[in-house]
Every structure is written in structure tokens, then in C-alpha cells.
Amino acid sequence: MSAIRSRILPTSYERARRDRQRHQRNKAALITLFTLPGMVIFFLFVLFPIAQSAYFSLFDWEGYGPPTDYIALGNYTRLFNHSVFRTSVSNSFTIMLLSLVIQLPLSLGLALLVGRGELPGRGVFRAILFIPYIFSEVITAIIWRYVLSPDDGALLNSVLTTFIPGYEPIGWLAERNIVLYALFIVLTWKFFGFHMILYMAGLQGIPKDLEEAARVDGATEAQVLRFVTLPLLGSTIRLTIFLSVVGSFQQFVLAWVLTNEGGPANASQLLATYLYKFGISQQKLGYGSAVAIVLFAIAFGFSVIYQRLFMRHDFATRSVGAGGRTG
Amino acid sequence: MFGTRQLPWTILKYALLVLICLVIMGPVLTAVLGSIRTTGEFVSTPFGLPQNGIQWENYLGILENPSFWNSLKNSLIITLGVTILNIMLASMLAFVFSRVSFYGRGLLFNILLIGLLFPLVIAILPIFIQVRQLNLIDSMWGVILPLVAFGLPGSVVILRNFFIAIPSELEDAAYIDGCTPFGFFRYILLPLARPALLAVATLQVIAGWNEYFLPLLILTDPDQWPLPLGIMQFQGQYGTDYARIMAYVTLLIIPAVLFYLVAEKYIVTGLTGGELKG
């Protein structure tokens, strides 16, 4: 018996080792084969370009041949001294603040209306409210250009003329002091459905018993909302704030098409439209790189700080925002 | 369902919702109605039914124009290219990040997550420079590959969450039955992950179909332009012929709405990381 075993053991041990080695080799091959293509594309088109632009931003470079005219932080100095750039920074921050103060509460309110209970027809309401999010930004901008046009026959002006006596048609996109708010209305129209869907998902995750228990204990609806529902929705609210802020800094197409390249007279220029108008389309790639790096620093800096402070336990388990453009 | 005390509240709710839905749909309906009216009707009263019969020629003018079909073809190439590549690369990465442990995996995953912190628009100029260095200007790849790269982190996270939730007993059983890791991935994991794959795919379809900024920079030849650029060009050509422009807009709205109706469940699942069902 023991003789047999001593003869079997070494061979089976050897085979196991051979298997393990083969397995290790296969595993290494699998890892390489599966991660390399994706990571290479990610490096080539996400990480490397940003790093490279940080370098280009130190040159006065028109984009032909390698950059040679080193001007250190010259582009950044010029940038911060350009009044249009300062306008676009302040416009982007205004859009961000308006989104946080108006768009998110509106989305939350609608989610509370449509997202829970057995309101008949809520599927239809949800579809109608969400559908602008599916439309491309170009279509949205074209439609709204006609809605907001200064003619007294344009949709918004004619509706307001009907309901408000003595109303004088407004050039929503032609007035320096109004254009940004008009843009914000369109952004809200397009993007609130996205946030609403996120809130609806969050609301679905809240156990009904908790709210029921609060009601049984005599809490009013307002108290239930304030002390039970909203706190339980915390991670969703933190997430939508994050996506809304990052989204505000990436608005380009809507602003560009709607306001005719950031007009009138650059009054509605945002960071991304500024980058296009004063960097790319004028072939100032060094200068544009500096704008891109500032944009990147704002988005990245905010993301890192915000996630450190508020989303430590939320992020990565929640994936939201994936391909989604937000605003 | 409604107690007597709740009835007024319910009516108020409905009134509010209907009002908001009207505000939301107003511009869209105006465009759709405008597409079957004459430009003259549209200018005098923006919202209304066609008075002189339905103006199908607004549509015929576009449908007979070869550049519309060409833009449609280009849009399909970009959309399919982005979606297929993204799904392939993301599912492979998500498999490794969820099921195969190795040294440095966490670091690699975190590097990928950096991509979630800033959107494509912010990096548009760096991407443009890089695409030019790679000689991909005027190539569809110059549009597709950056879109894939920027979509990857989100897709990987969604799929990884889904893969992690699949019990490891299933994996063990497959390996005992002689399945290779690749076999497990291909024949067991991917079929099981169909809902997650579809959720990722719908988001990529929307992203690819709607993209405007990247092709604007990368594709200089109008023959290569996808629909978002095509409609801008059309608008430039026809200027004040609002009826035709609205017809073009409607032609792009219809597929978007149909796509939403068909894929609603997956779009919603994708956006919410799988939390809101249908």
C-alpha cells in the first residue's frame, strides 16, 4: 500500500506543478490579451493627450512642426488677462450655480411626483420628461433657436404675448444680459430628465416602511421628506451635484449653436466655447492647450476634492454618468 | 386608491405634471408640426396645424438629397464602431478587473477610473493634437477611437459591478468541468451579462449618434460628416426655409424617440448603474 502511494505521489505532484505552470502562463497571456488593447487606447486618447498638452501649453505654437518658441507661463498670463476668458469663467460658474440651485431641486421635485406611488400614467410622464435627454445637442439647439428667436411670431414670444398683457417681444438670444439665462433654460430642458432618473432610482431604493413608520409616529409629510427621505437619498444627491458641476464645465454644442458662437459679443462665452473660438479655430494650439489645462485643472481638482470630502463611500460602487453628458 | 382627502392633491399633481409636460413637449411639437407646414405658416403662427394640406415635399427634398443618406451612413459607421469596440474592450477589461487577480490590478483599475473625472469636451484640444500626430485626421478612426477611450471607464465600471455579482461557485463549477478562463468568459459570463451589455451598448449608441464636437474637428471633408454636422450644414444652406429644417430635425427626432421606446429599460439601467428597473 505505502509502496504504491510513494510511486504515485511524485508523478501526480509533477503533473500538478506542470499544470500550475501552464496555468500561470495562460493566466498571464489572458491578462495581457484582455487588458492591453483597452488600456492602450485609454492611454493614447485620454491620459497621454492631457499630459502632452500640459507641455505644449508652455509654447507659443501655431501647430505646425514641433513647438520651439518656449514662453514658460506666458500663455497662462495672457489667458488670465483676457477679459473674454474671465467672462467665460464667470459664465461657466453661473451656469453651474444655477444648475445646482434650480435644476437639481426641480428634478428632485419631479422625481418625487412621478417616481413613487401608483400615479396612473407615470410611465408616460416619465418618458415625456426624460426624452429631451436622448436628443442630440444639435437638434436641441436648432429647435430652441426658433423658440427663442426675437420675432414676435416665435414660440416663446407669442406664448408670452398671449398670456401677459402688454408684453413686448424679447430677443432672448440677442440681449447681453439675458442670453446666459436663456441658455440655462435650454440646458435645464435638456438635462433635468437625466437627474430626475437618478433621483427616481434613489427613491426606489428607500424602504417604504421607514417613511411609513415616521408617519405612524405623527410626522407630517414635510417632516418625512426632510428627515427621512432626503437623508436616505444622500448618496444620490451627492452624485447628481458632482455630475451637474462637471457637466457645467463641459457645455459646448448647445452654447455654440444656440448663441452663434458665444454671442452677442462674447456675452455667453463658456469655457469650452472660449477654447474653441480663441484656441482651435485661430490655430493657436499652445494657447488653446493652456485653456485646456485650466479646464482640466478645474474639473479634475473639483472631482478629486469633492469625492474625497463627500463621496468616499459612494463612488465606484455607483457607476452612474457613464456615457452620459450632463449639465 | 385615492382617499377623499387625497383627491384634491392628486388632481393638483396631475395638473402640474400636465403643465410641465406641455412645456417640455411644446418646442418638440412645434418642430414636428412645422415640418408638415409651409414656412409661411410657421413664421406667422409657430404652433398650429397645417392649413394648406400636409407639406410632404419638405421631407422629399431631404430624402432625395444624397448627402442626407451619406450623413446617415457616416453616423451609422461611427455609432456601430464606437459601440462594438467599446463593448468588446470594456467587457474584457471588466472580466479581468472582477475575476482575475494579479499584482497591480487595483492600480490599473484606478488609473482607468481617472477617466470618469473629466469629460471628453474638456480634453478636446489635447485629443485633436494627438489625433493629428497619429495621422488620423479625416479618418473615421480619429472620431471612433477617442469616443471609445472616453466611454471605457464608465462601461467597465457598470460591467464590473455586474460580473462581481455573479457567484464564484459558477466559475468553480465551470473550471472543474474543464472550462478555460476564456471559455468561462465567452460562454458563461457574457451570456449571463446580456442585460448589462445592452445597458452599456445603449449608452454608447446615444453617445456615438449624437457626437458633434469631435467630428467637427477631425473630419474636414463634408462627405464624411455624420448627421449632427449634416444638419448644421443643411441649416447653413437653407437658412430661412424653416419648414425644411424642421423636417430634417423631425427625421432625427423620430429615430431617437423610437430608440428610447425600444431601449428605455436598458438606457435607464445603464444611467443608474442598474438601480432603476424599467
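The largest nonpolar core has 171 residues, and those touching the most other members are Leu183(A), Leu275(A), Leu295(A), Ala123(B), Leu159(B) and Val249(B). Helix α7 of chain A, residues 179–204, gives this core its largest share, 17 residues. A nonpolar core is a set of buried Ala, Val, Leu, Ile, Met, Phe, Trp, Tyr and Cys residues joined through C-beta atoms within 7 Å. The model is predicted: local features need pLDDT of at least 70 and side-chain atom pairs count only at pLDDT 80 or more, while totals for chains, interfaces and linings use all residues. Residues are numbered from 1 along each chain as its sequence is written, with chains lettered from A and ligands numbered from 1 in the order in which they are written.

**Val186(A)**
- Val186(A) lies in helix α7 of chain A; helices are DSSP runs of H or I, at least four residues, numbered from the N terminus.
- Val186(A) is buried because 26 other C-beta atoms lie within 10 Å (buried means 20 or more, exposed 12 or fewer, partly exposed in between, with C-beta atoms placed from the backbone).
- Leaving out residues up to four places away in sequence, Val186(A) touches Thr140(A), Trp144(A), Leu254(A) and Leu258(A); contact means C-beta atoms, placed from the backbone, within 7 Å.
- Asp217(A) is 31 residues from Val186(A) along the chain, and their C-alpha atoms are separated by 43 Å.

**Phe296(A)**
- Phe296(A) lies in helix α13 of chain A, residues 285–310.
- Phe296(A) counts as buried because it has 20 C-beta neighbours inside 10 Å.
- Beyond four places in sequence, Phe296(A) touches Ile50(A), Phe118(B), Ile122(B) and Ala123(B).

**Leu159(B)**
- Apart from neighbours within four places in sequence, Leu159(B) contacts Ala90(B), Ser91(B), Ala94(B), Ala193(B), Ala196(B) and Val200(B).

Technical notes: Helices (H or I, at least four residues) and strands (E, at least two) are DSSP runs, numbered from the N terminus. Two residues are in contact if their C-beta atoms, placed from the backbone, lie within 7 Å.
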